[in-house]
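Look at how the inside of this chain is packed.

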Amino acid sequence: MTDAATQRPVGGPDLPQERRLVTEIPGPESVRRFERRGQHVATGVSTTLPVFVEAAGGGVLVDADGNSLIDLASGIAVTGVGNSAPEVTARVVEQAQAFTHTCFMVTPYDGYVDVCEKLAELTPGDFDKRSALLNSGAEAVENAVKIARVHTGRDAVAVFDHAYHGRTNLTMAMTAKNMPYKQGFGPFANEVYRAPMSYPFREPAPLSGEQAADRAIDVLDKQVGARNLACVVIEPILGEGGFVVPADGFLPRLREWTAEHGIVFVADEIQSGFCRTGDWFACDHEGVVPDLITTAKGIAGGLPLAAVTGRAEIMNSVHVGGLGGTYGGNPVACAAALGSIEAMTKQDLPARARRIGEIVSGRLTAIAEKHPSIGDIRGRGAMMAAEIVGADGLTPDPVRAGSVSAFCHAHGVVTLTCGTYGNVLRFLPPLVMPEHLLTEAFDVVAEAFDATA
Ligand code: PLZ
């Protein structure tokens, strides 16, 4: 893990792909560093698992104490191609040595245009497209709204229950959950309206996707008016909101309604995009073609990059100078994206994600047979989750979800929770994770359910 010449830690896929615990988690060195963190870093920035990482690659994170942890988080769905993937690091080094920044709005460079060209090829829809590159997911969502407003001349934005779109002022308004994202941070942007989501596990009575869409449409029609809506923004599979997969037919029906009323349909694929769900984008599953799509996270193998991509006539409705930012589409981040897209294509990572989905859903189903606390297993591809409930089979049990996750952490498996009620265990392994590691990780998850029962 250390380069012989430089003595610097080296990550990437050549790291031993093993779970190795040499201290308690967190170990003494991480504990020491965490104390230092407390002296310098604002308390508002949270930590899921306080181990300090020194190298990572494939399916593992190696910490300052020499522990090797299995990564079921991918830094929240970012390192799908693996940490320090060779295709990414080679291009990053090459670009960093050529130039690190010009600002694309001052003097352009090819990497930015190359990424936009790739986005046009890979995103759903067989029409002329344009893209704008930004730094973060939230910024991409904000820009999608700006573009939709200019294009339609309308103000209103529709979002859904359990949605997560970011932490900036406009995207906080669009995000559903108060704690920790919104509490005390208002006032929020106006003209944001929330509609009911299709959440099959929590519907009081069975509801088809079309019926759930009509319920949402009814709310928007009555409370806002279709003619006032600039856009509908939706995550095709909810991310932070609990990996909820809407019932089949929900997205197509909504898509159809927005088209009828000239409302821009924006798919927020920041978490679900770039092979995660077994397709290049989650929308592909039902053949839904959004007008605009926002991407980030998985796009650049860990470097900060985000994009809005969509129909040329919508994207190009904004006046010259209306979109941009100092760093948006930074050349090093663009190089990383090109490397990452190359890795996804060459290694057929959508197929890897589908295989991960089979393994994970098989393992979760087996655990659920023993543990009725798993009320629902859902997701697609390498974006799978288990919703944890109480004895009645429905009441959210965030405490149990937290203790299962804590057991996994203590035993060297990095897991995350999510959901409006905090009771969803979500699994986001790097798509390049070797199968033996995934199997071992789920042995630990199974033990965690037994140990916390
Ligand atoms: N849209 C669908 O998942 C980011 C948030 C982590 P940024 N999700 C992880 C946290 O607690 O801050 C996300 C997302 C969807 C937008 C965003 C926002 O992306 O790159 O974090 O701004």
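A nonpolar core is a set of buried Ala, Val, Leu, Ile, Met, Phe, Trp, Tyr and Cys residues joined through side-chain atoms within 4.5 Å. Buried means under 20% relative accessible area, with a 1.4 Å probe and protein chains only. The model is predicted: local features need pLDDT of at least 70, side-chain atom pairs count only at pLDDT 80 or more, and totals for chains, interfaces and linings use all residues. Residues are numbered from 1 along each chain as its sequence is written, and side-chain values use heavy atoms, leaving out hydrogens and water.

The largest nonpolar core holds 93 residues. Leu-133, Phe-160, Phe-250, Phe-274, Leu-305 and Phe-442 have the most contacts inside it. Helix H10 (residues 331–346) gives the most to this core, nine residues. Helices here are DSSP runs (H or I, at least four residues), numbered from the N terminus. Another core lies apart from it, with 27 residues, including Leu-170 and Ile-314.

Now the helix pairs. Axes are lines fitted to C-alpha atoms over the stretch in contact, and angles run from 0 to 180 degrees between N-to-C directions. Contact means heavy atoms within 4.5 Å. Helix H3 (residues 86–98) packs on H10 at about 155 degrees, with the axes 8 Å apart. H3 and H10 are therefore roughly antiparallel (over 145 degrees). Val-88 and Val-92 of H3 are among the contact residues, as are Ala-335 and Leu-338 of H10.

Helix H11 (residues 349–370) and helix H13 (residues 435–452) cross at roughly 20 degrees, their axes coming within 10 Å. That makes them roughly parallel (under 35 degrees). Phe-442 of H13 is one of the residues in this contact.

Note on methods: Buried means under 20% relative accessible area, exposed over 50%, partly exposed in between (1.4 Å probe, protein chains only). Helices (H or I, at least four residues) and strands (E, at least two) are DSSP runs, numbered from the N terminus. Angles under 35 degrees count as roughly parallel, over 145 as roughly antiparallel, 65 to 115 as roughly perpendicular and the rest as oblique.
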